[in-house]
Amino acid sequence: MKLTVARVSGQPGGVRIFELRHPRRPALPAFEAGAHVDIHLPDGRVRQYSLFGDARDRSHYAIAVKREVDGRGGSNWLHDHVAAGQELPVSAPRSHFGLSSEAGSHLLLAGGIGITPMLAMARVLAACGGDFALHYFARSRSLAPLLQEIAECLPAQRVHLHFDDEPSTRVDIAAVAASQPGDAHLYYCGPPGFMGALRTAAADWPEERVHFEAFQPAYDENFVPEPFSVKLRSTGQVLDVPADASVLAVLRAAGVQVFASCENGVCGSCECGYLAGEPVHLDAVLSSAARASRFIPCISRANGQLTLDL
């Protein structure tokens with residue numbers, strides 16, 4: 001869709017809000033809380049941003065973009081070049097991070113800009129009378145985006161704010177996770193350190209009760225990429241994957257069309273199946289169960305030869 005940037009506003013912590021509307025239609029495609037859209041940049045790059053607005057209001061989409069000076073360039077371009085009145089190519093919303101209908105209660109844990117999908121989830125739960133608690137962690141109150149929106153749309157008793165520079169607000173994140181009832185589901189999103197702490201805290205939770213969205217996959221400084229090969233089920237063709245290339249890049253070079261978006265292992269758009277071999281999963285999308293048969297070719301690798309269901 002070509003959407004118009006209706007409004008741009010600033011937020012603490014180097015964050016800008018972009019409100020997107022359709023130039024002709026009064027209602028945009030519906031979205032579930034936790035969904036994101038793809039923003040297509042002029043140079044062909046695609047970046048994902050969570051929708052933090054009210055899922056019941058289809059008049060516009062709202063995204064909050066934190067400037068990442070050392071990032072991959074998407075946030076810098078949006079901050080430096082996008083103003084009200086411009087058009088942006090935007091995908092329809094999609095999600096792999098939704099609320100569970102099986103949960104008796106919902107524990108929402110957000111770190112920094114990870115508040116964006118959590119705010120959308122909390123809005124839905126507040127509107128339907130769901131049992132939830134939102135814990136928002138940030139370095140300081142002055143750097144935490146969307147605090148005003150949280151105060152305006154969520155019941156105060158459901159919100160817990162934690163700031164590194166306010167000792168009275170600090171809490172043991174592992175203790176918060178451990179104190180939940182047996183029917184609770186855990187949702188978390190935030191920067192890498194925050195995600196790592198939650199992975200540890202939720203290690204004993206049943207996998208089906210844990211949901212997360214990462215902005216980047218976990219980084220293993222000891223991992224050394226090695227060459228391997230992939231075999232295509234449809235043709236039997238074997239393609240060599242060098243140590244410095246991704247499976248996705250090799251597939252594209254061979255003329256195999258695989259849709260991809262983030263190319264960083266966090267959105268799942270390039271997901272495919274595999275039939276044989278030993279994959280090395282490096283993504284931040286697939287569950288343990290899915291990894292038995294699914295593969296993310298933009299970032300994951302393999303030992304030896306991997307047969308792809310392509």
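Predicted model: local features only at pLDDT ≥ 70, side-chain atom pairs only at ≥ 80, totals over all residues.
**View 1**

**View 2. Five strands form an open sheet with parallel pairing.**
The strand order reads β9-β8-β7-β10-β11. At the edges stand β9 (159–163) and β11 (210–214). Each of these two pairs on one side only. On average, neighbouring strands are turned by 15 degrees against each other, direction ignored.

**View 3. Strands β8 and β9 pair in the parallel sense.**
Strand β8 spans residues 132–138. Five bridges connect β8 to β9. Phenylalanine 137 stands opposite histidine 162, a residue of β9. Strands of a sheet pair through backbone hydrogen bonds, in either a parallel or an antiparallel arrangement.

**View 4. Aspartate 54 forms a salt bridge with arginine 56.**
The closest N and O atoms of this pair are 2.8 Å apart. Aspartate 54 is partly exposed, at 22% relative accessible area. Arginine 56 reaches 63% relative accessibility, so this residue counts as exposed. Side chains of opposite charge can pair when their charged atoms come close.

**View 5. Arginine 252 and glutamate 263 link distant parts of the chain.**
Their salt bridge has its closest N and O atoms 3.0 Å apart. Arginine 252 sits in helix α6 (residues 247–253). Glutamate 263 belongs to the loop between α6 and β14 (272–280). The two residues are eleven residues apart. Arginine 252 is partly exposed at 38% relative accessibility. Glutamate 263 is partly exposed too, with a relative accessible area of 40%.

**View 6. Arginine 291 meets aspartate 283 in a salt bridge.**
The N to O distance is 3.5 Å. Arginine 291 is partly exposed, with a relative accessible area of 26%. Aspartate 283 has a relative accessible area of 7%, and therefore counts as buried, the limit being under 20%.

**View 7. Arg7, Glu19 and Arg21 join into one network.**
Salt bridges that share partners connect these three residues. The count of salt bridges in the model comes to twelve.

How values were computed: Residues numbered from 1 in each chain as written. Heavy atoms only, no water. Pairing = 2+ DSSP bridges. Helix = DSSP H or I, 4+ residues; strand = E, 2+ residues; numbered from the N terminus. Axes fitted to C-alpha atoms, helices over the stretch in contact; angles between N-to-C directions. Salt bridge = Lys/Arg side-chain N within 4 Å of Asp/Glu carboxyl O. Buried < 20%, exposed > 50% of the residue type's maximum accessible area, 1.4 Å probe, protein only.
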